[in-house]
Amino acid sequence: MAELDESMEVEILKQDLDARKQISRIMSRIKDYQDKVKEIVSSYYIDFLPNCYDNMAIMKNGKMLEEEINKIVSMVNQDTTWQLSMAQEHIQQLREELSEAIAGYKTSYKLQTIHSLFEMIPRSGDDYQKLITILDKIKLLLNDGSDPVFPKLDSYQSIRLRYHEEYQILLYNLNKKFESLIQFNEKPFQNTKAITIKIKKNEDQLHQVIVALVNTNYNIQRMCKFLMDNVFEPIITRPVSLTCNDDDGDFVSIQLSYQLKFSDELRPNYKIIFQRMMETFYCLGHMNILISDRQCIFSIIAKHIKGSLCKFLIENCLQNDIPDTIDEMNQSSIVQSIQEFNKFLTEMLFLDHENDTILDEYASKIELLFQKKFCTNIVSTASDIMKKDLHDMVLVEERETHFSNGSAMFSSCMVSKSTIELKKLLDKILSEVSSGEKELSERLMKTIATILQRYCIEVEQNHEKLLLKIPQQTALYHNNCMYLSFWLQKNASKLSGNNSFMLIGSALRDQGTKTFNNQLQNQRSLLLQSLKGFELSNGIVELGPEPQKAVRQCIRQLDLLKSVWQTVLPEYIYKSSIGGLVTAFCVEIIKRIFILEDITAEIGSGLVNVINVIKEKAPLLFKDPTDITIVVKNWTKLMQLLTILDASLIEITELWAEGKGPLTLNYKADEIKHLIRALFQNTKHRQTCLSSIIQL
């Protein structure tokens, strides 16, 4: 048994020695390989001197060496005899040395591989895809993070610089080749610009170059910007001269010219734009090389510009070409044209059928957008009408502006021509309501409401100063509001009895009445201001010319109002308005006379003259002068005051007739007594007369 153990130990030692010899031999060969690679790398990337070594032979030796290394590593890791060796410390040291040698080999082999790849570049010629593959392999080796030694070598930066130089040369050659195959030229002149695009009719060359460019992450933005700025935007926004020529020798050419400055009126419509865009895409399609199942040149360009192009097309073409009228909309083919153009771009692989739906979605909204535009245009037209002069007026023969308790009555009057124009517009809208689709009809109903709601606000804003200062303007505005309110009431059944329209009608009447009442109040204030010259006091000896002058000024003011109101306002409104002002005027005259406690004969005579002026002029403010007795409530009282001022005690006593005479209709006993005391001296006859003035 002892002899067997001794024999086994001898065998292990023999194998151990043999393994050590193999490792030493491999390490020696690795060192020799490293030295040769180092010399090559140093020559080319450090000293930049020629080298006599056969690089391909060294590369082949490196491959063979790698196989032997793998065998040794396998033996070290798996041979149980080796593992059972008694010389464990020595074995561990050999392992470490072997590992270090292998690491050095790997670095050297990587350097040798990179150098071999560099040597393949000149032999690849114009095979751009092969060149890209070679450079990608070099890049991968340069960026190998598992080798901490490689980046620290003296040659690393030189190799990396060589890689970048070769890559830039490749890009430069690719760009030059691309520019020879696809040529973009622009030539600006003083007022125009000419664009030329030429595409080589060589699909194989185009495919090779374009695929290579795509694989080098070619920056296509320059091409995209050229197409947007110089081709697509001009086609969309202005008249252009476009020629697409497929018979130009070896090239397909696109020639485009246009004015730098242009008028919006010359902007082409969507049909022309779509046609020119399609012609352009057809010609550009010669460069639309298919790179993969889901990628081509158009799809790559589209990533950069399809969103902005579709948006630009919508904002600068489609939304401007939405029809303005219902008839135009019924005859328009814009929806179909958008859908066909969207389908064309999809077939050209510019748009993705599943993900790019902006044009189709816009086409589906055309009807709604038309309705909005149609109604917005109507409101805009109505707003323009509201800005027109109010004093340009016409007689309404139908007598459509008199309202009483919210019910329509009839009374002829003048209204602004602009209001007649607005009414015709409303009639037209209303006719569309009954004949249009439900959704449009509802929107048109809201538009009618919007117009009438804005009428009061916009007219007052646009004519604010005139409404405040010029009575005729106020009268017309009053009539206009009533006229529009009557239109609402007359068409209540067509408006579906909508309560909101009833409220709008009420608001129109209230606004017209309010504005006119403000004017009436202003005129009352002017009358009172004029009557400052009719100030009477108990200390005056004679009346003087001022009271009569003040009264005549008031009469002139009322007469001026007659000239601007009588033919404008409905008759009953005119009577009521001018009557109210005359009433306020008469009240002031009577009140000021009653202030006097002593009326001398001279003062009494002057007051008679003043009231006679009123008696002569005031009735002429009405078509029928006798209307003054009905409309001006205190007219009879003023006329009776005129009689009293010029009457004797006996005549006054007879007019009172013990409380049964005509004076009792307008005067109280105390008022008559006050006048008697002011007009007559204190005599027995006055005492008798005063005693007879009693209130029954």
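In this predicted model, a residue is called buried when its relative accessible area is under 20%.

**View 1. Helix α6 and its buried residues.** Let us start with helix α6, which runs through residues 156-181 and has 26 residues. From its first C-alpha to its last, helix α6 reaches 37 Å, close to the 38 Å expected at 1.5 Å a residue. Its buried residues are Y156, I159, Y163, E166, Y167, L170, L171, L174, F178 and L181. Keep one rule of helix geometry in mind here: with 3.6 residues a turn, residues three or four places apart point the same way in an α-helix.

View 2. K225 is exposed, at a relative accessible area of 54%, while D229 is partly exposed at 33%.

**View 3. D324 and K373 in a salt bridge.** The closest N and O atoms of this pair are 3.3 Å apart. D324 lies in the loop between α10 (297-318) and α11 (326-331), and K373 lies in helix α14 (residues 366-386), so the pair ties together parts that are 49 residues apart in sequence. With a relative accessible area of 37%, D324 is partly exposed.

**View 4. K388 meets E421.** This salt bridge has an N to O distance of 2.8 Å between the two side chains. It links distant parts of the chain: K388 is in the loop between α14 and β7 (393-396), E421 is in helix α15 (residues 417-435), and the two are 33 residues apart. K388 is partly exposed, with 39% relative accessibility, and E421 is likewise partly exposed, at 34%.

**View 5. A salt-bridge network of four residues: E535, E588, K591 and R592.** Salt bridges that share partners join these residues into one network. For context, a search of the whole structure finds 18 salt bridges.

**View 6. A negative surface patch.** Our last stop brings together E367, E437, E439 and E442, which form the patch. One of these residues, E442, is found in helix α16 (residues 438-462). E442 is partly exposed, with a relative accessible area of 42%, so it passes the cut-off of over 30% for patch residues.

Key:
Residues numbered from 1 in each chain as written. Predicted model: local features only at pLDDT ≥ 70, side-chain atom pairs only at ≥ 80, totals over all residues. Heavy atoms only, no water. Patch = residues over 30% accessible without salt bridge, like charges linked within 9 Å, V, L, I, M, F, W, Y side chains within 5 Å. Areas by Shrake-Rupley, 256 points an atom, 1.4 Å probe, with all protein chains shown as cover. Lys, Arg positive; Asp, Glu negative; His and termini not counted. Charge placed at Lys NZ, Arg CZ, Asp CG, Glu CD. Helix = DSSP H or I, 4+ residues; strand = E, 2+ residues; numbered from the N terminus. Buried < 20%, exposed > 50% of the residue type's maximum accessible area, 1.4 Å probe, protein only. Expected span 1.5 Å × (residues − 1).
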